[in-house]
Structures are given as structure tokens and as C-alpha cells.
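Subject: Structure handover

Hello,

Here is the structure for your files. My notes on it follow below.

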Amino acid sequence: MGRFDGKVALITGGGSGIGAATARLMAREGASVVLAGIPAAGVQAVAEELRESGHSALGMPADVSSSYEVEVAVSAAVSEFGHLDILVPNAGVQLHDRDVNFHDLPESVWDETLNVNLKGVFLACKFGIRQMLSQGTGGAIVITSSITAIATRTPNFAYATSKGALLALSRNIALNYAESGIRCNAVLPGALERTPNYDIHPAPEERAAMLREVVPLGRPGTPEEIAPMIAFLASDDASYATAGEFVIDGGRTTI
Ligand SMILES: NC(=O)c1ccc[n+]([C@@H]2O[C@H](COP(=O)([O-])OP(=O)(O)OC[C@H]3O[C@@H](n4cnc5c(N)ncnc54)[C@H](O)[C@@H]3O)[C@@H](O)[C@H]2O)c1
């Protein structure tokens with residue numbers, strides 16, 4: 001018996017990092033998982049890997065900032081597996097390569113970041129909740145925010161702003177849909193070994209050294225250390241948890 005036997009989970013940004021780690025964990029514990037995201041090769045590779053291990057998985061290429069593509073991904077999940085029980089709107093970008101002073105920040109960086117990190121979560125939740133309401137069996141949503149929403153200094157104002165807004169969105173989804181049995185929580189990871197768009201970080205060595213200094217546990221985390229928190233909140237073990245914000249950051253935001 002797995003915690004997620006009979007459950008269907010849709011995870012955005014499932015082709016790498018936290019999304020892929022969460023998909024692997026939920027699939028191992030019985031979930032049918034739909035990995036929605038871009039690039040297509042990423043979500044399809046993780047889905048293929050899971051199917052080869054005997055799990056039920058579907059890779060759905062979808063840009064989360066496209067209303068049409070998100071709606072199609074939710075429909076595909078239901079066509080393939082019959083229903084939708086768990087939503088993990090997790091896709092995000094942090095455009096390190098375009099970090100500049102706030103007073104020089106191009107609108108394009110602001111728009112691109114907010115379109116993926118905030119609008120993308122809005123769209124996934126909108127279509128996901130619509131499906132959950134039509135089923136009438138409740139559901140669980142776990143949104144990936146970040147400790148930049150509550151603490152730490154980052155040169156990336158657009159990123160931090162998007163992650164802060166997700167806390168308000170998450171809380172309001174929880175409060176407005178509680179009576180429909182839909183729970184919603186946010187996880188706030190600290191800095192991980194890899195970052196969104198990690199391949200474009202301009203100074204990975206300096207970042208690693210800085211994290212050894214400022215994180216009480218002395219190192220960045222890994223996607224595999226965030227996935228269990230997401231899985232817990234998505235599971236019936238967390239049946240009394242809603243409107244919560246769960247920091248998982250090696251102790252960084254307490255100092
Ligand atoms: N890595 C960290 O240090 C860290 C810390 C706190 C929060 N987070 C958050 O965790 C989430 C997952 O990030 P990660 O660390 O696994 O990094 P990641 O870059 O591996 O994951 C992000 C995923 O989203 C996908 N994606 C990007 N734009 C998309 C779009 N428009 N449509 C669909 N998919 C898109 C990427 O291709 C990637 O697969 C993000 O929301 C990120 O902001 C990460």
C-alpha cells in the first residue's frame with residue numbers, strides 16, 4: 001500500500017529539479033503522475049523513466065504561462081487517468097543572467113518572471129481547481145514558493161516578488177476552497193544545489209561558498225530534500241494542514 005495509491009498528481013516544471021524529484025517520490029508511493037512543462041524533452045524523459053520502472057506517468061509539454069496549454073495539460077491528465085487529486089504548481093524561473101540593479105531592471109525580465117512564476121501558478125490552480133470541483137472529492141495543492149518571499153536579500157526583485165505573491169495566492173485558495181475539501185499549502189525552499197535555470201548562474205562557485213557560510217546546516221539543499229515535504233502536504237497524512245507556509249532551508253531564515 002502506497003500513500004498515493006489511486007491518486008492522480010499533476011506537477012508543473014516536472015522535467016527537472018524539485019518537480020522531477022516529487023514525481024519520482026509520488027510515483028514510487030503509488031500515484032499516477034502527469035509532468036507538465038517545458039522543454040518537452042525534460043518532461044517526456046522523466047515520464048519515460050517512470051514508466052520503465054513500472055509506474056503510471058504522462059509527460060505533457062506545456063508552457064505554464066499559456067492558458068490554453070495549461071488547460072490542455074489538465075484535460076490530458078483526466079483523459080489519461082480519469083481524475084485529478086493533487087496539483088503541484090512548481091514551474092519557475094530565476095533569470096540570474098539578467099540580474100541588474102532594480103532601478104535598471106528591464107520590463108522584459110519582470111514580465112517573463114511574473115508570467116511563469118505567478119501567472120503560471122494562477123493558471124494551473126484555476127484549471128486544476130475547476131476539475132477538482134467538478135469531481136466533488138476535494139483535492140490537495142502544494143505551491144512552490146521560496147524563502148525569498150519572507151527573508152534574505154536577492155538582486156532578483158522580480159523573482160522575490162513573484163514568490164511573495166504566491167503566499168497570498170496560496171492562502172486565499174486555501175480559505176476560499178476549504179469548504180470544498182480542497183487544501184492548499186506553500187513550501188518555501190531555501191537555496192538548493194541547483195537553481196532554476198542553474199546553467200545560467202553567473203557565479204556558481206561564489207554562490208556555493210556563500211551558502212556554506214550563511215546556512216546553519218552548512219550547505220545548500222537538494223531537490224530530493226524538498227520533495228518529501230511536498231509529498232507529505234499533498235498526502236492524507238496532512239489532512240489538517242491548509243493555508244500553511246512550510247520553510248525548508250537548513251535553518252537559513254532564522255539567523
Ligand atoms: N533551486 C532553488 O534554489 C530554489 C529555491 C527556492 C524555490 N525554488 C523554486 O522551486 C521551483 C522548482 O525549481 P527547481 O529548483 O526544481 O529548478 P529547475 O529549473 O530544475 O525547475 C524549474 C522547472 O520549470 C520549468 N519551466 C521553466 N519555465 C517554464 C514554463 N514557462 N512552463 C513550464 N515549465 C517551465 C523548467 O524547465 C524546469 O523544469 C521553482 O518554482 C523555483 O523558483 C527553487
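Two residues are taken to be in contact if their C-beta atoms, placed from the backbone, lie within 7 Å. In that sense, what covers the buried residues of α5 includes α4, β5 and β6. Please keep in mind that this is a predicted model.

The covered residues of α5 are A158, Y159, A160, S162, K163, L166, S170, I173, A174 and Y177, which are its buried ones. An α-helix has 3.6 residues a turn, so residues three or four places apart point the same way. With 21 residues, α5 reaches 30 Å from its first C-alpha to its last, close to the 30 Å expected at 1.5 Å a residue.

The sheet

Strands of a sheet pair through backbone hydrogen bonds, either parallel or antiparallel. Here 7 strands form an open sheet with parallel pairing, and their order is β3-β2-β1-β4-β5-β6-β7. Its edge strands are β3 (57-61) and β7, each of which pairs on one side only. On average, neighbouring strands of this sheet are turned by 15° against each other, direction ignored.

Within the sheet, β5 pairs with β6 (residues 182-189) in the parallel sense over 6 bridges. I143 stands opposite A186 in β6. α2 touches β2 and β3, and its direction makes about 175° with that of β3. α5 touches β5, β6 and β7, and its direction makes about 160° with that of β6.

The ligand shell

The ligand is surrounded by 30 residues, and the closest are G13, S16, G17, G37 and G92. By class, this shell has 11 nonpolar, 17 polar and 2 charged residues. Both α1 (17-28) and α4 (107-135) supply at least two residues of the shell. The largest share, 3 residues, comes from α1.

The peptide bond between I38 and P39 is cis, with omega about 0°. P39 is found in the loop between β2 (32-37) and α2 (40-52).

There are also positive phi values in residues other than glycine. T152 has a phi near 70° and sits in the loop between β5 (139-144) and α5 (157-177). A243 is not a glycine either, and its phi is about 60°. The loop that holds A243 runs between α7 (223-234) and β7 (245-248). With 16 C-beta neighbours inside 10 Å, A243 also counts as partly exposed.

Leaving aside neighbours within four places in sequence, M229 is in contact with V187, F246 and I248. M229 and S67 are 162 residues apart in sequence, and their C-alpha atoms are 28 Å apart in space.

Regards

Key:
Residues are numbered from 1 along each chain as its sequence is written. This is a predicted model: local features need pLDDT of at least 70, side-chain atom pairs count only at pLDDT 80 or more; totals for chains, interfaces and linings use all residues. Helices (H or I, at least four residues) and strands (E, at least two) are DSSP runs, numbered from the N terminus. A residue is buried if 20 or more other C-beta atoms lie within 10 Å of its own, exposed if 12 or fewer, and partly exposed in between; C-beta atoms are placed from the backbone. Two strands pair if DSSP finds at least two bridges between them. Axes are lines fitted to C-alpha atoms, for helices over the stretch in contact, and angles run from 0 to 180 degrees between N-to-C directions. A residue is near a molecule or strand if its C-beta atom, placed from the backbone, lies within 6 Å of it. Ala, Val, Leu, Ile, Met, Phe, Trp, Tyr, Cys and Pro count as nonpolar, Asp, Glu, Lys and Arg as charged, and the others, Gly among them, as polar. The expected span of a helix is 1.5 Å times one less than its number of residues.
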